[in-house]
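Please read them with the structure open.

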Amino acid sequence: MSLDAKIPEGNLEEKWRNYQINSELINPANKKKLHVIVVGTGLSGAGAAATLAELGYDVQCFCYQDSARRAHSVAAQGGINAAKNYQHDGDSVWRMFYDTLKGGDFRSREANTYRLAELSAPLIDHFTQQGVPFAREYGGVLVNRSFGGVQVQRTFYARGQTGQQLLLAAYSQLYKMVRTKKVTMFPRTEMLDLVVVDGKAKGIIARDLVSGAIKRFAADAVVLATGGYSRVFRLSTLAIGCNGSALWRAHKRGALFAAPSFTQIHPTALPQSSEAQSKLTLMSESLRNDGRIWVPKIREDTRKANDIPEDERDYYLERRYPSFGNLAPRDIASRAAKERIDAGFGIGKLKNAVYLDFKNAIEKFGVETIKDRYGNLFKMYKKITGVDAYQEPMQISPAAHFSMGGLWVDYELMTTIEGLYAIGECNFSDHGANRLGANSLLQASVDGYFILPNTINNYLASELKNEQVSTEHPEFAKAEKEVMENINRVLSINGTKTVDHFHRELGKVMWQECAMSRNKKGLEKAIQQIKTIREEFWSDVKVTGHANEMNTELEKALRLADFIELGILMCTDALQRNESCGAHFREEFQTEDGEALRMDENYSYVSAWEFMDGEFKLHKEELTFEFVQPSIRSYK
Amino acid sequence: MKITFRIWRQVSPNEKGEFKNYEVKDLTEDMSFLEALDHLNEILVLKNEKVIAFEYDCREGICGQCGIFINGRAHGPHQNMTTCQLHMRSFQDGETIVVEPWRAKAFPIIKDLIVDRSAFDRIIEQGAYISAKTGTAPEANSILIGKDVSDKAMDAAACIGCGACVATCKNSSAALFTSAKINHLNSLPQGHPEQHSRVLDMTAQMAEEGFGYCSYTGACEVECPEGISIINIAEMNARYMKARFFG
């Protein structure tokens with residue numbers, strides 16, 4: 001299988017325009033006849049569904065939550081990047097493109113990354129027009145702040161609730177189109193399989209989570225906007241319902257999975273405090289604008305933070321990375337924290353955290369300014385921990401966060417299955433081996449609002465002449481039967497251990513061997529351990545209740561079964577990449593001072609895995625750098 | 001900690017529900033309230049019983065999906081907090097905790113602690129948006145909005161749609177929810193062209209769904225996780241009058 005990314009001709013600045021000039025169009029009368037399924041209602045899904053409906057397509061939109069407004073884009077706090085250069089600080093589309101490419105450690109495509117930067121400015125115009133209450137100066141213009149990995153101020157924000165405000169804008173647009181009957185919403189409905197007819201995506205099998213009924217839905221194209229899969233670690237910053245099942249089902253039906261092991265570990269989450277914990281709450285990276293990260297210079301220091309004098313504090317990020325300091329990119333900040341914690345300098349009850357201190361900032365700017373910038377984050381911190389961070393430093397710790405990996409997509413965001421698209425976090429495209437802060441909301445939105453609605457025509461134009469596949473097609477019956485068999489199999493095991501038990505086991509292995517640092521021996525061991533977990537799951541799990549009723553335990557079991565297999569693929573991917581790049585840090589490949597050692601000669605490619613009867617076959621999309629010379633990524 | 005949960009169990013919308021008691025040992029103060037329910041569900045599975053259906057997603061206080069009546073209060077004993085942010089340290093060892101679903105005619109029970117809040121989506125559908133297609137936006141800084149106006153819009157826009165305001169209101173009114181969205185959009189210049197139809201259509205849908213009317217007891221703002229003020233309701237009423245006269 002050869003992987004053709006279909007990159008348009010021309011200079012970087014011309015590629016997207018050239019693509020649009022040469023792309024097929026469909027006249028409005030014909031668009032009405034075409035049906036599109038969108039799975040997921042986060043920023044990318046809701047944005048795409050609303051925009052496709054505005055263009056005239058007939059859209060069916062699905063989410064597992066009770067309302068489209070719950071999708072996990074809602075939880076992004078800090079902001080969204082755009083190359084507006086409002087701050088007159090030397091920003092440009094080119095600089096943003098370069099920062100993103102470098103931030104991803106040169107493991108993404110130049111053309112995709114450039115397009116992301118290029119479309120960022122119109123996106124801010126778009127959201128402003130939709131009524132997003134972005135932060136403003138007294139004179140009425142928009143405000144920016146800094147984020148990790150860059151030296152300009154290009155991040156737009158709405159207090160600490162940027163994701164919420166953008167998502168609610170997208171959700172509102174979605175419901176605007178529900179009102180016009182161009183979108184049909186299916187909340188509390190979870191996709192359980194993809195239906196492929198003659199090599200083309202033609203529909204999905206989904207479960208009505210209220211009645212338990214298995215239903216068939218047919219369309220001319222299927223768009224997955226199902227988000228990230230870091231719940232494979234169990235403890236993560238993701239919502240509890242976030243899952244990888246739609247991706248995994250598509251993968252098993254033939255879609256290649258790209259760079260599955262590239263997972264971002266976020267440096268500023270609240271530390272785990274007990275075994276029963278279900279979730280690690282994220283504290284926005286924007287806090288690193290004013291907060292200083294430190295640990296005591298003495299191992300296992302038992303003093304309270306405020307009792308430790310200034311010269312006995314190790315501001316390790318400022319020490320190791322003087323030019324970026326506390327705003328070093330996430331992978332680097334997380335790894336530096338892990339290094340200090342592993343060396344015995346961790347703080348907190350379980351010695352698994354570091355301090356994030358606002359003392360200097362409060363002295364410099366006053367409490368009111370800090371409250372204005374981060375008030376709701378401080379409030380949230382207090383609700384969860386009971387501690388007032390205006391008085392003493394926050395305790396933070398790294399946590400599994402974003403999936404840079406996902407389904408392999410070409411420039412049109414189409415997967416290797418014709419007519420199946422993946423947008424937002426669930427694809428692999430723009431972030432390479434590490435995503436920069438505030439680029440996630442950006443990518444999801446740009447994919448959904450601007451890119452997909454332009455590229456999907458190119459495929460659907462050719463589908464116009466084909467008759468629509470009905471849900472009576474044998475492939476629907478076959479997929480539905482497999483889904484039902486899978487459900488019945490899970491319910492009939494009647495073993496002795498709960499779903500959560502197996503998820504905890506999987507999470508421990510993944511966090512230990514496939515998170516911030518990895519090595520050959522550990523990954524090989526992990527693959528064996530996960531296979532054992534898989535065997536035990538399928539012989540000893542216990543799920544009560546029935547298939548034909550609301551059954552939250554069954555939902556969890558089906559998602560976990562897919563996570564277990566995905567975990568094996570993630571470890572396999574990490575094992576084949578004999579280099580360190582971005583968030584992928586292989587202990588065997590590091591410089592003398594512990595920085596990542598990239599091996600461009602052999603590993604300048606995107607790994608893309610094919611599912612073959614339970615085994616995975618590696619394909620490579622070579623990355624060519626025509627406009628930028630990959631450099632050693634230094635933030636010192 | 002040892003806790004007795006007294007939990008509302010109801011198989012489906014049409015069947016009669018009842019309270020059942022569950023005694024749970026070995027809980028810790030660090031656990032969130034929802035983690036305590038997770039723990040109880042694991043125990044139930046191993047006893048071959050059906051799990052308690054309850055809702056959650058983000059577990060960090062922003063998605064609005066969790067929402068349980070705990071000891072007679074929406075989202076539990078604290079003000080301005082979601083259920084997922086509630087921790088067991090807020091309860092006493094040996095305590096009995098009464099756990100019920102949201103109670104409102106417009107929020108029918110689906111199962112156990114899960115209710116149907118789709119009425120909120122239908123209110124949003126009636127105009128909680130700015131009718132401008134993707135691709136039609138002017139340059140962002142060409143629309144100047146003073147910081148005070150923008151901040152006020154943000155205060156209202158912060159609503160997470162959890163439904164605590166409805167659940168705690170003796171009239172089951174959705175006035176706080178509806179007014180927050182109306183004021184967010186109507187106070188911004190982008191929202192002006194549709195300001196009157198927005199107020200009229202959204203309030204009409206609110207009544208259509210069976211929510212009650214507001215009688216200004218202020219119970220809603222006490223439980224609202226985002227602390228949205230009832231001044232929003234007064235403002236909505238003023239906007240409603242304006243729309244009736246000038247709309």
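1. A term needed below: helices are DSSP runs of H or I with at least four residues, numbered from the N terminus. The model is predicted. Just after α4(A), A:D105 has a positive phi of about 60 degrees.

2. Is helix α4 of chain A, residues 93–103, enclosed or open? Eight of its 11 residues are buried, so the helix is largely enclosed by the rest of the structure. The buried residues are A:V93, A:M96, A:F97, A:D99, A:T100, A:L101, A:K102 and A:G103. Note that A:D99 and A:K102 are in that list.

3. What do the buried residues of α4(A) pack against? Their partners in chain A are β3 (80–81), α5 (110–118) and α6 (120–129).

4. Two packed helices are described by the angle between their axes and the distance between the axes. Here the angle is about 130 degrees and the axes are 8 Å apart. That makes α4(A) oblique to α5(A), because an angle has to be over 145 degrees to count as roughly antiparallel. The crossing of α4(A) and α5(A) is right-handed.

5. On the α4(A) side, this contact is made by A:V93, A:M96, A:F97, A:T100 and A:L101. On the α5(A) side, A:E110, A:T113, A:Y114, A:L116, A:A117 and A:E118 take part. By type, the residues of the contact divide into seven nonpolar, two polar and two charged. An α-helix has 3.6 residues a turn, so residues three or four places apart point the same way. The spacing of A:V93, A:M96 and A:T100 in the contact can be read with that in mind.

6. Chain A is divided into domain 1 (268–399) and domain 2 (474–622). Their C-alpha centres lie 31 Å apart. The contact between them takes six residues from domain 1 of chain A and five residues from domain 2 of chain A. Which element supplies the largest share of the domain 1 side? Helix α10 of chain A (residues 330–345) does, with five residues. The residues on that side of domain 1 of chain A divide into one nonpolar, one polar and four charged.

7. Chain B has eight helices and seven strands, and its C-alpha trace spans about 60 × 35 × 35 Å along the principal axes. Of its 247 residues, 54% are buried. Among contacts in chain B with a separation of 6 or more, 70% are between residues 24 or more positions apart.

8. The domain assignment of chain B gives domain 1 (3–111) and domain 2 (118–246), with C-alpha centres 29 Å apart. The contact between the two takes 19 residues from domain 1 of chain B and 18 residues from domain 2 of chain B. The side of domain 1 of chain B that touches domain 2 of chain B has nine nonpolar, seven polar and three charged residues.

9. How many residues of each chain meet at the contact between the chains? There are 62 from chain B and 60 from chain A. On the chain B side, α1 (33–46), β6 (109–111), α2 (118–125) and α3 (147–157) each supply at least two residues. Helix α1(B) gives the most, with six residues. The side of chain B that touches chain A divides into 29 nonpolar, 16 polar and 17 charged residues.

Terms used: Residues are numbered from 1 along each chain as its sequence is written. Chains are lettered from A and ligands numbered from 1 in the order in which they are written. This is a predicted model: local features need pLDDT of at least 70, side-chain atom pairs count only at pLDDT 80 or more; totals for chains, interfaces and linings use all residues. A residue is buried if 20 or more other C-beta atoms lie within 10 Å of its own, exposed if 12 or fewer, and partly exposed in between; C-beta atoms are placed from the backbone. Two residues are in contact if their C-beta atoms, placed from the backbone, lie within 7 Å. Ala, Val, Leu, Ile, Met, Phe, Trp, Tyr, Cys and Pro count as nonpolar, Asp, Glu, Lys and Arg as charged, and the others, Gly among them, as polar. Domain bounds come from an automatic or database domain assignment. Axes are lines fitted to C-alpha atoms, for helices over the stretch in contact, and angles run from 0 to 180 degrees between N-to-C directions. Angles under 35 degrees count as roughly parallel, over 145 as roughly antiparallel, 65 to 115 as roughly perpendicular and the rest as oblique. A crossing is left-handed if the near helix is turned anticlockwise from the far one by less than a right angle, and right-handed if clockwise.
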